[in-house]
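Please look over the sequence and the model below before reading on. The briefing describes how the chain is arranged.

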Amino acid sequence: MTKSEGMTNDEARSLTLRHSGFVISSAFVLRASSFLFWIFPLALYAADHLTVLASKPRWSVLENYQETITHDEFTHLIRDIYCTHGLGDDLLKIDNDSAQILKNRDAQTFFTLRFANDEASRREVPRLWRPAKSLPPARPEKPLAGLRIALVPGHLGGRWAKMEERWFQVGDAPAVQEGDLALRTTRILAPQLRKLGAKVFFVRKSAEPITSKRPDDFRELARKILIKNGVPQPRADVLDPNDPAKEQTVRWQSEILFYRYSEIRRRAVLVNTKLHPDLVLCLHFNAEGWGDPSNPTLIETNHLHLLINGSYLKDELEFDDERFEMVRRLLSRVCDE
Ligand SMILES: [Zn+2]
């Protein structure tokens, strides 16, 4: 919750909260002011072409999807859903029988995905969640019976709210913290979903992170990122919280590596390797402009929006892990949901 949560399409992807039938791409949004600076650190990983704190993609996993999709369906999903901004032949080349997907630019290695001849002969899509079509007909009194739903309250809240810049206060009123609001909302939502028959999991149950890392664990990485991006002698600490140059301090960078990148990646691991839900709901509260930051004003404007994965930017697809996740997501047919 900040003055302007600039919507980016890429973060939930890099978090890979996948395997969920209805990925409502979580609004792990970057503040507009920090975004321009923050995209540069990615250049640190140019040799590996990976995004911040990403694991190397396991391309062999895609072997499970051989002959599970026809040429026409693959082409349609690439053109109309995932790569609507276009995609060069150097990254993905579609032939009649197969697609060549770039694994590593320096090594010029490619993954070959073989297409099914036709719909009738295509192999079944492997996945750890159940498509809506495969579920038994909903019972009127328990329409969500058996459905596994993971609730992800955005951010952390509590003692971390100021650090993660999801905090504001009007006069002497209690401070508003997005992480706490989201957690409280999931606690209200959970019994209602259970009543409808769902099995509900909390990815975060308190105002504490699930990553074991803390900002101090990232000081060296933060320093390297800053040096790599033209801050040869980064300052250690933030002296004035309103100074935009605070983003060029080791403290600010190490904190964001902790509360955003490390924490969100841990949540993704929990979702993808343990919980295996059919649906992941990531809850956030967006904020409109609030005037003077030292004296914020509340306004009546209200709206609901959902973020759906797709329309990858060319710059995003340059990263090996983003490209891999995009193809895996496409092949899982999550967009059909
Ligand atoms: Zn948020």
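Predicted model: local features only at pLDDT ≥ 70, side-chain atom pairs only at ≥ 80, totals over all residues.

Residues are numbered from 1 along each chain as its sequence is written, and side-chain values use heavy atoms, with hydrogens and water left out.

**Chain overview**

- The chain has eight helices and ten strands; these are DSSP runs numbered from the N terminus, with helices being H or I of at least four residues and strands being E of at least two.
- Of its 337 residues, 48% count as buried, meaning under 20% relative accessible area, against over 50% for exposed and partly exposed in between (1.4 Å probe, protein chains only).
- The accessible surface comes to about 17000 Å², and 53% of this belongs to carbon and sulfur atoms; the areas come from the Shrake-Rupley method with a 1.4 Å probe, and for residues only the protein chains shown count as cover.
- Among contacts in the chain with a separation of 6 or more, 75% are between residues 24 or more positions apart, where contact means heavy atoms within 4.5 Å.

**Antiparallel sheet**

- Three strands in the order β3-β4-β5 form an open sheet with antiparallel pairing; two strands pair if DSSP finds at least two bridges between them.
- β3 (92-94) and β5 (109-114) are the edge strands, each pairing on one side only.
- Neighbouring strands of this sheet are turned by 20° against each other on average, direction ignored; axes are lines fitted to C-alpha atoms, for helices over the stretch in contact, and angles run from 0 to 180 degrees between N-to-C directions.
- Strand β4 (residues 98-104) is joined to β5 by six bridges.
- Gln 100 stands opposite Thr 112 in β5.
- Helix α3 (residues 71-82) packs on this sheet and touches β3, β4 and β5, its direction making about 140° with that of β3.
- Helix α8 (residues 320-332) also packs on the sheet, touching β4 and β5, with its direction at about 150° to that of β4.
- Asn 104 stands opposite Thr 109 in β5.
- The hairpin of β4 and β5 has four residues between the strands, and Gln 108 takes a positive phi near 50° there.

**Parallel sheet**

- A second open sheet has three strands in the order β9-β6-β10, with parallel pairing.
- β9 (199-202) and β10 stand at the edges with a single partner strand each, so one side of each has no neighbour in the sheet.
- The twist averages 25° from one strand to the next.
- Five bridges pair β6 with β10 in the parallel sense, and Val 152 has Cys 282 in β10 as its bridge partner.
- Helix α4 (residues 178-195) packs on the sheet and touches β6, β9 and β10, with its direction at about 165° to that of β6.
- Helix α6 (residues 250-275) lies across β6, β9 and β10, running at about 170° to β6.

**Zinc site**

- The protein donors of the zinc ion are His 155 (NE2), Glu 178 (OE) and His 284 (ND1), at 2.1 to 2.2 Å from it.
- Donors are N, O and S atoms within 2.8 Å of the metal (3.2 Å for Na, K and Ca), and sites may look incomplete because water is not among the atoms.
- The spacing of the donor residues in sequence is H-x22-E-x105-H.
- His 155 lies in the loop between β6 (148-153) and β7 (167-168), and His 284 in the loop between β10 (279-283) and α7 (314-317), so the pair ties together parts that are 129 residues apart in sequence.
- His 155 is buried at 9% relative accessible area, and His 284 counts as buried at 19%.
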